[in-house]
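Please walk me through this structure, from a single loop residue out to the domains and the ligand.

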Amino acid sequence: MIRICMLGTGYVGLVSGSCLADFGNTVRCVDIDAGRIKMLQDGRIPIYEPGLGEMVTRNLRSGRLLFGTNLKEAVENSDVIFIAVGTPAASDGSTDLGSVFAAAESVASQLAGKKIIVQKSTVPVGTTRRIAALIEQRAPKNVQFEIVANPEFLREGSAVDDFLRPNRVIIGVESEWARNIMKQVYRPLYLIETPIVLTTLETAELIKYASNAFLATKISFINEIAAIAELFGANIDHVAKGMGLDRRIGPKFLHAGVGFGGSCLPKDVSSLIHQSRSRGYAPQLIEAVLRINDGLASLAVQKTREQLNTLDGKTIGVLGLAFKPNTDDLRDAPSIKIIASLLDDKSEVRVFDPAAMNRFKDTAGLNVTYCKDAYDVARGCDALILVTEWNEFRELDLGRLKEAMRDPVFVDCRNVYKPGPMSEQGFRYSSFGRGTF
Ligand SMILES: NC(=O)c1ccc[n+]([C@@H]2O[C@H](COP(=O)([O-])OP(=O)(O)OC[C@H]3O[C@@H](n4cnc5c(N)ncnc54)[C@H](O)[C@@H]3O)[C@@H](O)[C@H]2O)c1
């Protein structure tokens, strides 16, 4: 059993902390947000993440999971300190490392004895070594520590399961001692023979960016093919199926639509571009990946405008706000761009999301009408735009929906429905990369 301190209780810190406690380690989670810590101490979960509530409650009860704001106490009682704070994009597309360096400095001043510091946040290549240098400077002189890079690959919406059964664990580590301790931290994963890639700090950091850039590339690739499919009346769903059956390609991340959003892919792709450019290399492929993605929200609005001739004075319903189903995360969600553009064009906007409405009210600053479900959204609408493919939007009662609408226009940004049946139901239907079948 290893004693762990986890800095940051966001999507990654909270899930990683709870799961590492479930592995049998003792985990002290610390956050600078006292309100968040108070909620967690009371057993309330500040984010929507399936299965996380049970995991936190179970480990709180066992005494292996603790929440607090006292970093000194947490560091003193830990052998391994994880940094899992946010690394958002700065306005120029680079990574804002303010929280990571602040966290590292605060840890440095509390260090005593011999510790491992694990960089779990996604950080530009070379940052983990810079953190080590910073800690070296700030820590008391008799302290021994080693830095490890251990990027995280969990996906919001299935984060607990992803952490417990990852495809792989990437560990950038420089000594046998730290390697053995990290093995103990992840012991249950060794037992189920999870591939563990041991490598250098810089390589571990780049594996994270390369993986996200590749996933983003698959999405932009299929969206480019969707645009080509529309030119010829081909069906992108069949194209993707036909491609995905080739094992060298695989079926995942080949869904045409309004593209990727969220807290990781857009900012990580931008950051990789920025990192490369700062060293004098202009990455042509991944810059195109981002450009294609950036155009998709306006394409969704354009498809709606084409159906209605104008958006001025129209009432548009938006189904789904979160950047993907099973999360309440709105960071870089396509819904925000779409709604902002509809409002700019003087539409009224009605919205519903099963999990992200409160967060949207608090953060988006957009003037919309909040509804209680999809049918409520549809009332008096000139068009519905399906933006997030929550399960409850997959089996809508289309008759009831159409009945509630003023004009039966349906823009399907996730290709959930089929063009033929939708027009048989009387909808004027648009989707991405599909003709009329
Ligand atoms: N969200 C994901 O799906 C995901 C997946 C893989 C990797 N990542 C990466 O993991 C990192 C964290 O992402 P997230 O989504 O969990 O972020 P988040 O914004 O949800 O959470 C960050 C937390 O860190 C806290 N914090 C900030 N400074 C702190 C400090 N000095 N000490 C203690 N706590 C501090 C904040 O209060 C917040 O609660 C990022 O680098 C992200 O790119 C995220």
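**A walk through the model**

Arg331 sits in the loop that links S9 to H15. The model is a predicted one. Arg331 has 21 other C-beta atoms within 10 Å, so this residue is buried. What does Arg331 contact, once its neighbours within four places in sequence are left aside? The contacts are Gly262, Ser263 and Phe323. Pro266 is 65 residues away from Arg331 in sequence, yet the two C-alpha atoms are 9.5 Å apart in space.

Asp332 is found in that loop too, between strand S9 (315-319) and helix H15 (334-344). Its phi is positive, about 50 degrees, although Asp332 is not a glycine. Is Asp332 buried or exposed? Asp332 is buried, because 20 other C-beta atoms lie within 10 Å and the threshold for that class is 20 or more.

Now follow the chain past H15. Lys346 lies in the loop between H15 and strand S10 (348-352). Lys346 also has a positive phi without being a glycine, here about 70 degrees.

Six strands form an open sheet with parallel pairing, in the order S11-S10-S9-S12-S13-S14. Which strands are at the edges? They are strand S11 (369-370) and strand S14 (428-430), each of which pairs on one side only.

Take the pairings on either side of S13. Strand S12 (residues 383-386) and strand S13 (residues 409-412) run parallel and are joined by 3 bridges. Leu384 has Phe410 in S13 as its bridge partner. S13 is also joined to S14 by 3 bridges, and these two strands run parallel. There, Phe410 stands opposite Tyr429 in S14. So much for the bridges; the side chains come next.

Val409 and Val411 point one way from S13, while Phe410 and Asp412 point the other way. All four of these residues are buried. The chain reaches S13 from S12 through H18, in a right-handed β-α-β crossover. From S13 the chain goes on through helix H19 (residues 419-424) to S14, and this β-α-β crossover is right-handed as well.

H18 deserves a stop. Lys402 lies in this helix, which spans residues 398-404. The C-alpha atoms of Lys402 and Ala383 are separated by 9.9 Å, and the two residues are 19 residues apart along the chain.

Step back to the whole chain. The domain assignment gives domain 1 (3-199), domain 2 (208-293) and domain 3 (295-430). The C-alpha centres of domain 2 and domain 3 lie 24 Å apart. How many residues does each of the two bring to their contact? Domain 2 brings 14 residues and domain 3 brings 15 residues. On the domain 2 side, the largest share comes from helix H13 (residues 284-294), with 3 residues. That side divides into 4 nonpolar, 8 polar and 2 charged residues.

Turn to another parallel pair. Strand S5 (residues 114-119) and strand S6 (residues 144-149) run parallel, joined by 6 bridges. Lys114 has Gln144 in S6 as its bridge partner.

The ligand is the last stop. There are 27 residues around the ligand, and Gly8, Gly10, Val12, Gly86 and Ser121 come nearest. Which elements give two or more residues to this shell? They are helix H1 (11-22) and helix H5 (98-110). H5 gives the most, with 4 residues. By type, the shell divides into 11 nonpolar, 11 polar and 5 charged residues.

Key:
Residues numbered from 1 in each chain as written. Predicted model: local features only at pLDDT ≥ 70, side-chain atom pairs only at ≥ 80, totals over all residues. Domains from an automatic or database assignment. Contact = placed C-beta atoms within 7 Å. Nonpolar A, V, L, I, M, F, W, Y, C, P; charged D, E, K, R; others polar. Near = placed C-beta within 6 Å. Pairing = 2+ DSSP bridges. Buried ≥ 20, exposed ≤ 12 C-beta atoms within 10 Å, placed from the backbone. Right-handed = clockwise from strand over helix to strand, strands pointing away.
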